Amino acid sequence: MTGESPFTDLDRPPLREIALQRVLVRPGALWTEIEVVPELGSTNTELVRRARDGAPEGTVLVTEHQTAGRGRLDRTFETPARAALTFSVLVRPDVPVRSLGWLPLIMGVAAVHGVRRIGELPASLKWPNDVMSRGAEGAGAERKLAGILSEAAFPAEGPTVGERPAVVIGMGLNVLQRRDELPVEAATSLAADGAPVTDRDPLLRAILRGFAELYSAWVDHGGDAEASGLAEEYRSRCGTIGRLVRVHLPGERTTEGRATGIDAEGRLLVRTGAGGEEALSAGDVVHVRPAEA
């Protein structure tokens, strides 16, 4: 990072760590520490390392300039300084291991809530956890606003019996990038899509509050997404349901059909032309694309 002041570009002001701590870190709340650093390769990589060293649940790590962000399938990316929300959170949920796949979906729902409430964009979810936008009027081409990646973090010596698993969930949400700063045509940002509000500070607060509320209810119900209301909340925000999709699987295999829903384990249900219904796990899928494409 150069010696340039973060206040030289007034259109992209820095996040205020002290203000975030004051509002979000409270006794009995999920968030226990919020740190904002000027530059980092990957918030997920760093927070996984801290988790292995015993960092507590509720740790949030934010960077103003992520230079080696990681997405699904080991894709890497860089975002301009102070143009996006790039952060990771650490949780240690006391739920069955089979329920952990809901964690990135919780972050997806929280992100949609934040973008809709603060950014005033009619965002939706593309299964499993991409945040999508069609612009301020909801009538443009669908483009990706954010991606989410979750990783389990076990101690270097391995997990012990009865130890709660540590999971790091990271997100990169495009906020202030211009069209020419976006990596691909299929990407967008709040600013590029005409959002009336693009202040990253209240947006991050809204997402973290939304995640904490959904997560706490989910943990209180033992990781049961149906009983906690999480599954229904996710379905109501998921734009994939009802669409014809082509699902790309490992080994260059594909399956095609209509997405009919999301089951209690967070899997995508696809009714194929043969009349059967497949339940597809996010970990087993390479891409989900509109079948018309």
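How do helix 3 and helix 4 lie to each other: parallel, perpendicular or oblique? The legends below take this up with two other close-ups. This is a predicted model, where local features need pLDDT of at least 70, side-chain atom pairs count only at pLDDT 80 or more, and totals for chains, interfaces and linings use all residues. Residues are numbered from 1 along each chain as its sequence is written, and side-chain values use heavy atoms, with hydrogens and water left out.

**View 1. Helix 3 packs with helix 4.** Helix 3 (residues 103–119) and helix 4 (residues 200–220) meet at an angle of about 140°, their axes 8 Å apart (axes are lines fitted to C-alpha atoms over the stretch in contact, and angles run from 0 to 180 degrees between N-to-C directions). The two helices are therefore oblique to each other (under 35 degrees is roughly parallel, over 145 roughly antiparallel, 65 to 115 roughly perpendicular, and the rest oblique).

**View 2. Helix 1 has a buried face.** In helix 1 (residues 17–24), Ala19, Leu20, Val23 and Leu24 are buried (buried is under 20% relative accessible area, exposed over 50%, partly exposed in between, with a 1.4 Å probe and protein chains only). These residues fall within an arc of 110° seen down the axis, so they line one face of the helix (the arc is that of the directions from the helix axis to the C-beta atoms). They pack against strand 1 (33–37) and helix 4. On the other side, Ile18 and Arg22 are exposed.

**View 3. Thr79 sits in a loop.** This loop runs between strand 4 (76–77) and strand 5 (84–91) (helices, H or I of at least four residues, and strands, E of at least two, are DSSP runs numbered from the N terminus). Thr79 is buried, with a relative accessible area of 8%.

Note on methods: Contact = heavy atoms within 4.5 Å.
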